Amino acid sequence: MLVAQIAYDRLNPRAKAEADRLLALSIDPVDVTATSTNFVDASHWADDVKRLPGFEFSKPLHFVDVPFSADGTPLPANLPATNNVIRALQDYVAVLRTSTNDTERAAALRYILHFTGDIHQPLHCVSRVTRRWPDGDQGGNKFWINNPIPDTKPDHINLHAYWDDGLYSFPKMGPHYAPPPLAEIVAAAPSIVAEHPPTESGWKAGGPFAFAAWAKESTQLAQSVVYAGIAQYRVPDERYRENGIKLSRQRVAWAGYRLAELLNTLWPEQH
């Protein structure tokens with residue numbers, strides 16, 4: 001949602017109008033889609049539907065498990081899977097470019113909003129291989145740490161969830177995984193942009209469709225930052241948390257800028 005908010009503020013008038021038009025369409029599942037008809041709320045639609053009947057195909061599309069060995073254990077031959085977030089972004093951009101079916105295009109846009117955020121979260125692009133986990137830790141989902149907030153349940157959380165939450169720096173989700181209120185997203189986005197403005201070098205490298213390069217950035221950051229200086233069943237220290245929050249916020253900013261550039265390129269202003 002933060003990524004989408006940052007992107008929406010940077011869309012040109014034509015791209016904004018076309019995105020708004022597609023996201024207002026009623027597509028299956030109608031009841032779920034009806035709760036996310038604006039650009040920012042539509043960014044969590046892919047998570048809302050991935051466990052529903054008929055949408056199971058989309059679950060592997062949220063990540064790309066690029067393996068690396070932390071202790072010399074041989075890498076599994078079946079990673080990364082062919083169906084992954086890189087392939088998904090390529091395919092759904094192609095739908096926006098070529099399809100004349102607005103229902104298909106509306107779904108494709110919803111997936112692009114979400115997957116652009118996912119591919120920038122380092123743990124969506126890695127799987128740490130060890131003797132204990134020879135098939136990988138599924139992007140930190142099997143890497144457990146002690147809860148950094150004292151006297152808080154649960155006692156242990158997985159590293160992936162910790163980073164999804166920006167190391168507890170992002171607006172909090174509601175009960176039963178409800179998304180944060182839209183007003184909190186609107187309020188939080190400007191400070192991220194101020195800390196990591198679009199004048200930062202790097203985010204434009206490769207252009208608006210460099211999905212494999214974005215994933216490679218995340219893979220490298222997972223190895224050099226996310227898994228560095230941290231141990232299972234320990235509380236991350238303050239330095240780790242400070243560095244992690246800074247990186248999380250930069251990745252959100254860059255994802256927002258790249259998402260906007262992607263859509264502005266697909267739907268350029270007409271003069």
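Residues are numbered from 1 along each chain as its sequence is written, and side-chain values use heavy atoms, with hydrogens and water left out. Because the model is predicted, local features need pLDDT of at least 70 and side-chain atom pairs count only at pLDDT 80 or more, while totals for chains, interfaces and linings use all residues.

We can start with two helices (DSSP runs of H or I, at least four residues, numbered from the N terminus). Helix α9 (residues 182–195) and helix α11 (residues 238–266) have axes that come within 9 Å and cross at roughly 95°; axes here are lines fitted to C-alpha atoms over the stretch in contact, with angles from 0 to 180 degrees between N-to-C directions. In the contact (heavy atoms within 4.5 Å), S191, I192, V193 and E195 of α9 meet R249, V252, A253 and Y257 of α11. These residues divide into five nonpolar, one polar and two charged, where Ala, Val, Leu, Ile, Met, Phe, Trp, Tyr, Cys and Pro count as nonpolar, Asp, Glu, Lys and Arg as charged, and the others, Gly among them, as polar.

The structure holds 11 salt bridges, each a side-chain nitrogen of Lys or Arg within 4 Å of a carboxyl oxygen of Asp or Glu. One of them joins the side chains of E195 and R249 at 2.7 Å, N to O, linking α9 to α11 across 54 residues. E195 counts as partly exposed at 42% relative accessibility, whereas R249 is buried at 11%; buried means under 20% relative accessible area, exposed over 50% and partly exposed in between, with a 1.4 Å probe and protein chains only.

Salt bridges that share partners also join E18, R21, D102 and R105 into one network. Within it, the closest N and O atoms of E18 and R105 are 3.1 Å apart. This pair connects helix α2 (residues 13–23) with helix α7 (residues 102–118), 87 residues apart, and both E18 and R105 are buried.

Finally, N158 lies in strand β4 (residues 156–158), strands being DSSP runs of E with at least two residues. N158 is buried, at 14% relative accessibility. A polar atom of its side chain lies 3.1 Å from the backbone nitrogen of H160. Leaving aside residues up to four places away in sequence, N158 touches G140, N141, F143 and W144.

Methods: Polar contact = N/O pair within 3.5 Å; in protein donor to acceptor, adjacent residues only side chain to side chain.
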